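Here is a short report on one structure. Read it with the model open beside the text.

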Amino acid sequence: MGAVNARGAAPKQDRSRATRQRLLESAVTCLAELGWSGSTVTVVAEHAGVSRGAAQHHFPTREDLFTAAVEYVAEERSRALRTLPTPPDTPAAVRQIVALFTGPLFRAALQLWVAASNEPQLGPRVTALETRIGRETHRMAVELLGADESAPGVRETVQGLLDMARGLGLANLLRDDSARRERVVAQWARIVRDVLGR
């Protein structure tokens with residue numbers, strides 16, 4: 001928190017940073033809830049509780065706003081990966097990995113993927129960030145599982161787990177898929193445990 005001036009107000013720079021943060025968080029929420037077509041600058045500004053002019057001061061165009069949102073989502077997903085607690089066993093690790101693909105950050109990322117397929121300004125940036133997040137997710141999954149990727153089939157099993165988790169996240173977008181998801185996760189936990197020999 002920055003210093004407070006004589007009138008008790010936070011410095012302009014801190015307010016500006018806070019406004020920018022609210023806009024990014026709102027952009028992610030709007031993407032997750034309303035999709036790309038419903039997430040205009042005006043809608044995001046209203047959700048953030050700021051004027052459209054203030055939003056355009058920080059992000060002159062819609063592409064600027066959502067390009068920054070891409071980076072914000074990537075950083076938040078990275079932070080979520082870095083702060084995962086060490087699971088007590090393989091089934092818990094598998095559940096943690098699947099949870100990464102069923103929350104609001106994944107929903108927002110998915111909307112960005114769809115938008116990037118149609119918006120040339122977003123495409124290269126989304127692709128680069130998703131490549132980075134994909135590597136980081138794989139590395140974290142290996143750590144959470146205590147997997148030795150030099151053993152035959154382990155790398156492919158971890159990648160299969162991530163692909164399965166992504167698929168469950170997609171299915172969850174259309175309806176609450178938690179009952180089926182639990183059965184699939186339990187089966188994958190058995191498969192992973194067998195391959196890892198733990």
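What follows walks through helices, salt bridges and a few single residues.

This is a predicted model.

## Helix α1 and what covers it

Start with helix α1, which runs over residues 12–34. Its 23 residues should span 33 Å at 1.5 Å a residue. The C-alpha atoms at its ends are 31 Å apart, which agrees.

Which residues of α1 are buried? They are Asp14, Thr19, Leu23, Leu24, Ser26, Ala27, Val28, Cys30, Leu31 and Ala32. The cover over these buried residues includes α2 (41–48), α3, α4 (62–82) and α6 (104–118).

Just after α1 comes Gly35, with a positive phi of about 75°.

His58 belongs to helix α3, residues 52–58. Is His58 buried or exposed? It has a relative accessible area of 18%. The cut-off for buried is under 20%, so His58 counts as buried. Leaving out residues up to four places away in sequence, His58 touches Ser16, Thr19, Arg20 and Leu23. Of these, Thr19 and Leu23 are among the buried residues of α1.

Gln111 sits in helix α6. With 22% relative accessibility, Gln111 is partly exposed. Gln111 and Ala32 are 79 residues apart in sequence. In space, their C-alpha atoms are 6.7 Å apart. Which residues does Gln111 contact, neighbours within four places in sequence aside? They are Leu31, Gly35 and Trp36. Leu31 is one of the buried residues of α1.

## Salt bridges

How many salt bridges does the count come to? It comes to six. The table gives some of them.

| Side chains | N to O distance |
|---|---|
| Arg17 and Asp14 | 3.1 Å |
| Glu75 and Arg79 | 4.0 Å |
| Glu149 and Arg155 | 3.1 Å |

Arg17 and Asp14 both lie in helix α1. They are three residues apart, about one turn of the helix. Asp14 is among the buried residues of α1.

Glu75 and Arg79 share helix α4. They are four residues apart, again about one turn.

Glu75 is partly exposed, at 31% relative accessibility. Arg79 is partly exposed too, at 36%. Glu75, Glu76 and Arg79 are linked in a network of salt bridges.

Now take Glu149 and Arg155. Glu149 has a relative accessible area of 29%, so it is partly exposed. Arg155 is partly exposed at 43%.

## How helices cross

Two helix pairs come next.

Helix α7 covers residues 123–145. α6 and α7 pack at an angle of about 140°, and their axes are 9 Å apart. The crossing of α6 past α7 is left-handed. On the α6 side, Ala109, Leu112, Trp113 and Ala116 take part in the contact. They meet Gly123, Val126 and Glu130 of α7.

The second pair is α5 and α8. Helix α5 takes in residues 90–99, and α8 spans 154–174. Their axes come within 8 Å and cross at roughly 50°. That angle makes α5 oblique to α8. α5 passes α8 in a right-handed crossing. Val94, Ile97 and Val98 make the contact from α5. From α8, Leu161, Leu162, Met164, Ala165 and Leu168 take part.

## The loop between α7 and α8

Where does Ala151 lie? Ala151 is in the loop between α7 and α8. At 30% relative accessibility, Ala151 is partly exposed. Ala151 and Leu196 are 45 residues apart in sequence. Their C-alpha atoms are 8.5 Å apart in space.

Note on methods. Residues numbered from 1 in each chain as written. Predicted model: local features only at pLDDT ≥ 70, side-chain atom pairs only at ≥ 80, totals over all residues. Heavy atoms only, no water. Buried < 20%, exposed > 50% of the residue type's maximum accessible area, 1.4 Å probe, protein only. Contact = heavy atoms within 4.5 Å. Expected span 1.5 Å × (residues − 1). Axes fitted to C-alpha atoms, helices over the stretch in contact; angles between N-to-C directions. Left-handed = near helix turned anticlockwise from the far one by under 90°. Parallel < 35°, antiparallel > 145°, perpendicular 65-115°, else oblique.
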